[in-house]
Amino acid sequence: MTSQLRAPDHSGADTRPKTSRTKTLLPWLMVAVWVGLVVGGYSLAGKLDSVTRDGQADYLPASAQSTKVLEAEAELPGGENGLLVVVSERAGGLQPGDREAVARGHAELVERFGSDGEGSPEIVESDDGTALMYALSLEGDAAAEDAEVTPDARQLLKDQPDGLDVYVTGPTALGADMDEVFDAVDSRLLLATAGVVALLLILTYRSPLLWLVPLASVGVAAITSMGVVYALTQVFDFTITSMSSALLIVLVFGAGTDYALLLVARYREELHRHERPIDAMLVALRAAGPAILASAATVVAGLLCLLVADLNSISSLGPVGAAGIAAALVVMLTLFPALLVLLGRRVFWPFVPRLGADVRASGSRWAQLGELVARRRVVGWAVPLMILGGLALGTVGVNSALPQLDQFTRSTPESVTGAKLIEERYPDQGGQPLTVMSRPAESREVLAAVESTSGVASAEIGRAGDDWVEISAMPVDPPESSGETATIHQLRENVREVAGEAALVGGPSAEKLDEAETNKSDRNLVMPLILLVVLAILGLLLRAIVAPLVLVATVVVSYFGALGLCNLLFDHVLGYAGLESSVPLIGFLFLVALGVDYNIFLMTRVREEAVLHGTVEGTKRGLATTGGVITSAGIVLAATFAVLASLPLVMLVEIGILVAVGVLIDTLLVRSIVVPALTMSLGSRIWWPSKLWRAEQDRVDDRV
């Protein structure tokens, strides 16, 4: 210690050894490298939007019939066939001038965009005489550019008699409204996330300068990750959706800030022992680096498990999220430490760490919690696990099939309002067509099979190409109802008996059905794989078997408790129509991978202390040292994901709330109480069969 406390030489000559001068120059070199990388990579980051796609096929299973139908439709004359449905309503009953106005608008749309379909009724009046409805099939260029069709159609129909409300809906309009919502997600989410992180960092550090350093570093990580993801899309064939782009921002800000908090805590601790910031930082990196690396490896490995999923939007999230975590890791272990070292101790003002001060003084509350848990070990883990088990009962009867018309949280789009109006005014005609694709040679047999299917009101042959013939089938039951679902299953079975794999059934309702069923099969495949990967990483890090099993088990219980609680919240408080089918899997990935992170940070420190003081005392010391910073990190991560709740899409709101609630449960209850209580209850057995377990057993034998 005397060498670290030696007074500096003020003689004017540089008496420092060469290695010391190299260490001094290293932070400057690191900052210079990152300035060059950011300048060079900024243009790549800006191109990410150009490769982001939100077509229906981008969210569907790669192997599903509905996806193959979309691919087959693209080969027909005119490409994919779009469909607009226009419904006009006057609440007090239609007036004579209304019918002429609707007929005029219908004719203008047909002339501008396509036809209303050969043989189909042009304009249908509702039984109660309050509404008129017609459908418009988009053809040629209109179908290919359906993003512009919807606003153009609405503008064309803007001039209507007073009191007559007109709504443009149908699959094409619903897709256009969804795209409009997604277009505003990234910029809005980036600003909101940065604002939340900045506020929490200011409250955490209470310093006018320190909060800027991690925020700026995370901003660099975000730019880097977007540039890396864009570059990956130019090399590998995977889809970037607005959902994965939004989650990329949240992941980078959340994980990057967590790494910063953990590194700053250890760096501040070492500044009490080392005079020079560079020496303190190198020690802090050696001490905290392995845990941060293991944490990032856990999340990256978990994300890459998504590559085995069949659903396009889920499998694409794997490489996107992994690139984000990797970028956050590299930036927070290189650029961020360099900036802290260059700014020196003054960056902590007004709470500047003083050389030789008591390192553990600020951890007294966590030390007291450790003592309390040590005295009530069984209660410490049994009661919380019972509470979480009770919350998990909220998953019973969960509806994981959010209807398409209930995907928006507020400001209901015109397409949704129109579709619900059709369901109300046309109870026998509220269905949306199913698309059956057949090979030309079997088209008549397939049409007969479609017409004979119970639950199909009508069917007719539409466009035909060299390889495919399109058959439109109108179901009796309303969209996404149990009756329509049964019709889709029966229809697929009937056409398969006639034409085998040469007949496919798709359409909007079939797409939602395929998405929900594939999400279920993906969960059964990906969830166990994530658990195995996380267990393997924990085993290698802790060099034990019991500890990884205990840690993973607590995180899984925490996940199901959070899922049950959130399901009750979504159903009874927020009034959502169901849980979006991809939410359970995405929530499981983040809560297991990110939840294990905090246990990694805690248990690596506990293991470090246990080598010197034994498991029970080491657990108390580890909790006292890491409790504050891990809790701060958990709150920041939860708040970052909670930002998703500000967006107008139920799917992103549910993901954000589920992960935020799960992280808080894991941080405040599981990691702070349950894991320490289980560790102290198991004692040295937690490290079985490592050398640490054998060493503690030998100490016990010696005392006996």
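Author: Happy to! Buried residues make up 54% of the 704 residues in the protein chain; buried means under 20% relative accessible area, exposed over 50% and partly exposed in between, with a 1.4 Å probe and protein chains only. This is a predicted model, where local features need pLDDT of at least 70 and side-chain atom pairs count only at pLDDT 80 or more, while totals for chains, interfaces and linings use all residues. Residues are numbered from 1 along each chain as its sequence is written, and side-chain values use heavy atoms, with hydrogens and water left out.

Reader: What makes up the secondary structure of the protein chain?

Author: The chain has 22 helices and nine strands. Both are DSSP runs numbered from the N terminus: helices are H or I with at least four residues, strands are E with at least two.

Reader: Why is N524 called exposed?

Author: N524 has a relative accessible area of 56%, and the label asks for over 50%, so N524 counts as exposed. This residue is found in helix α17, residues 508-542.

Reader: Why are α12 and α21 called oblique to each other?

Author: Helix α12 (residues 364-375) and helix α21 (residues 650-682) pack at about 50 degrees, with axes 9 Å apart. Axes are lines fitted to C-alpha atoms, for helices over the stretch in contact, and angles run from 0 to 180 degrees between N-to-C directions. Under 35 degrees counts as roughly parallel, over 145 as roughly antiparallel, 65 to 115 as roughly perpendicular and the rest as oblique. The pair α12 and α21 is therefore oblique. Their crossing is right-handed, a label used if the near helix is turned clockwise from the far one by less than a right angle, whereas anticlockwise is left-handed.

Reader: Which residues make that contact of α12 with α21?

Author: From α12 come W366, L369, G370, V373 and A374, and from α21 come R671, S672, I673, P676, A677 and M680; contact means heavy atoms within 4.5 Å. By class, eight are nonpolar, two polar and one charged. Ala, Val, Leu, Ile, Met, Phe, Trp, Tyr, Cys and Pro count as nonpolar, Asp, Glu, Lys and Arg as charged, and the others, Gly among them, as polar.

Reader: How do you know how α10 is oriented to α17?

Author: The axes of helix α10 (residues 277-304) and α17 come within 9 Å and cross at roughly 165 degrees. That makes α10 roughly antiparallel to α17. The crossing of α10 and α17 is right-handed. In α10, P290, A294, A297, T298, A301 and G302 meet I530, V533, V534, I537 and L541 of α17. This contact has nine nonpolar, two polar and no charged residues.

Reader: What makes R206 and R543 worth a look?

Author: Most residues other than glycine have a negative phi, and most peptide bonds are trans. R206, in the loop between α7 (185-205) and α8 (212-235), has a positive phi of about 50 degrees. R543, in the loop between α17 and α18 (546-573), has a positive phi of about 55 degrees. R206 is exposed at 55% relative accessible area, and R543 counts as exposed at 52%.

Reader: Where is P350 found, and what is its peptide bond from W349?

Author: P350 is found in the loop between α11 (312-343) and α12, and the bond from W349 to P350 is cis, with omega near 10 degrees.
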